[in-house]
Amino acid sequence: MTNPLSLPPQIHSLLSTLHAKSLAQEAALPSSTFSPSSRADRTSFDALMSDKFIALDQDKCEFVYQTLRASGATTVVEAGTSYGVSTIYLALGVLANLQAKDNANGNGSGQGQGQGVGKGKVVATEKEPGKAALAREYWTQAGRDVAGVIELREGDLRETLTSGGYGEEVGEEGVGLVLLDIWTPMALPALKAVQDKLKPGAVIIADNTLMAKDGYQELFEYVDQEGGPFKRITLPYKGGMDMIVYK
Ligand SMILES: C[S@@+](CC[C@H](N)C(=O)[O-])C[C@H]1O[C@@H](n2cnc3c(N)ncnc32)[C@H](O)[C@@H]1O
């Protein structure tokens with residue numbers, strides 16, 4: 001796997017292994033797995049997916065990381081964590097942004113947790129306990145800094161994202177990036193759960209917006225409202241990936 005972000009070799013190697021496992025699992029699934037009719041049978045779909053990575057593709061993870069770095073955001077939300085592959089990129093981006101803020105403030109602690117500029121975190125959420133447990137193990141393998149910046153909220157996002165703070169207590173300015181890598185019926189509930197925590201200019205990224213465009217109708221109607229606070233474009237990644245900017 002290429003390493004355009006120059007990630008630390010040990011983390012890059014871990015990510016390569018996890019992306020490869022995810023792709024191998026997906027290749028072994030019947031081609032109808034993600035068809036609208038298969039996805040409509042939620043019970044069977046959830047059961048089939050309960051032990052599958054379905055990780056965000058590497059090129060998309062790299063785009064999300066770069067967007068996060070460009071935004072400077074230090075509070076991030078991920079709806080749909082699974083085994084935590086994209087979460088590692090988000091954690092690395094938050095750590096790099098904290099470090100950049102630290103350096104700009106003349107602290108240069110090198111610890112990735114800025115002094116006096118908030119603490120920064122990735123709020124991740126996953127409803128499958130087995131996936132949550134293994135995600136924590138992968139984050140530990142990625143290192144103490146990565147594991148330390150992720151707050152995993154286990155359970156249904158309609159509860160986990162509407163309770164608990166987003167860093168306000170330590171001076172964070174609001175959520176700067178949201179990754180919607182979730183079953184499509186949960187995309188709008190996830191956005192609504194964090195909408196009043198978003199800071200101006202926050203970026204929301206939603207995966208597979210062309211491949212699963214039927215499932216995204218509610219989200220699209222909501223964010224495309226004339227005069228509303230969101231602007232949406234579709235990026236030419238495999239299956240489509242939307243970038244929505246708030247205010
Ligand atoms: C596409 S996978 C996420 C992949 C992950 N972002 C990555 O790149 O490694 C979507 C995950 O969302 C989880 N999920 C689905 N509905 C959920 C809900 N209501 N609350 C929390 N998690 C949910 C699923 O169990 C699944 O693991």
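**Notebook: the ligand and its pocket**

Entry 1. I looked up where the ligand lies, and I found that the ligand sits in the largest pocket. I note at the outset that the model is predicted.

Entry 2. The volume of the largest pocket is about 960 Å³.

Entry 3. I next looked up which elements give two or more residues to the lining of the largest pocket. They are helix 1 (9-27), helix 3 (42-49), helix 5 (85-104), strand 2 (121-126) and helix 8 (157-160). Helix 3 gives the most, with four residues.

Entry 4. I sorted the lining of the largest pocket by class and recorded 21 nonpolar, 12 polar and 16 charged residues.

Entry 5. I turned to the ligand itself and looked up its surroundings. I found 21 residues around the ligand, and the closest are Leu-56, Ser-86, Glu-126, Lys-131 and Asp-181. By class, this shell divides into nine nonpolar, five polar and seven charged residues.

Entry 6. For Asp-181, an N or O atom of the side chain is 2.8 Å from a nitrogen atom of the ligand. For Asp-156, a polar side-chain atom is 3.5 Å from a nitrogen atom of the ligand.

Entry 7. Last, I asked what share of the ligand surface the protein buries. Taken alone, the ligand exposes 600 Å², and the protein buries 98% of that area.

Entry 8. I reviewed my notes on Asp-181.

Methods
Residues are numbered from 1 along each chain as its sequence is written. This is a predicted model: local features need pLDDT of at least 70, side-chain atom pairs count only at pLDDT 80 or more; totals for chains, interfaces and linings use all residues. Side-chain values use heavy atoms; hydrogens and water are left out. A residue is near a molecule or strand if one of its heavy atoms lies within 4 Å of it. A polar contact is a pair of N or O atoms within 3.5 Å; within protein, one must be able to donate a hydrogen and the other to accept it, and residues adjacent in sequence count only if both atoms are side-chain atoms. Accessible areas come from the Shrake-Rupley method with a 1.4 Å probe; for residues, only the protein chains shown count as cover. On a 1 Å grid over the protein atoms alone, a cavity is a set of points where a 1.4 Å probe fits but cannot get out, and a pocket is an open set with protein on both sides within 12 Å along at least five of seven lines; lining residues have an atom within 4 Å of a point. A molecule sits in a cavity or pocket if more than half of its atoms lie within 2 Å of its grid points. Ala, Val, Leu, Ile, Met, Phe, Trp, Tyr, Cys and Pro count as nonpolar, Asp, Glu, Lys and Arg as charged, and the others, Gly among them, as polar. Grid points are joined across faces, edges and corners, and a volume is the space filled by probe spheres set on the points.
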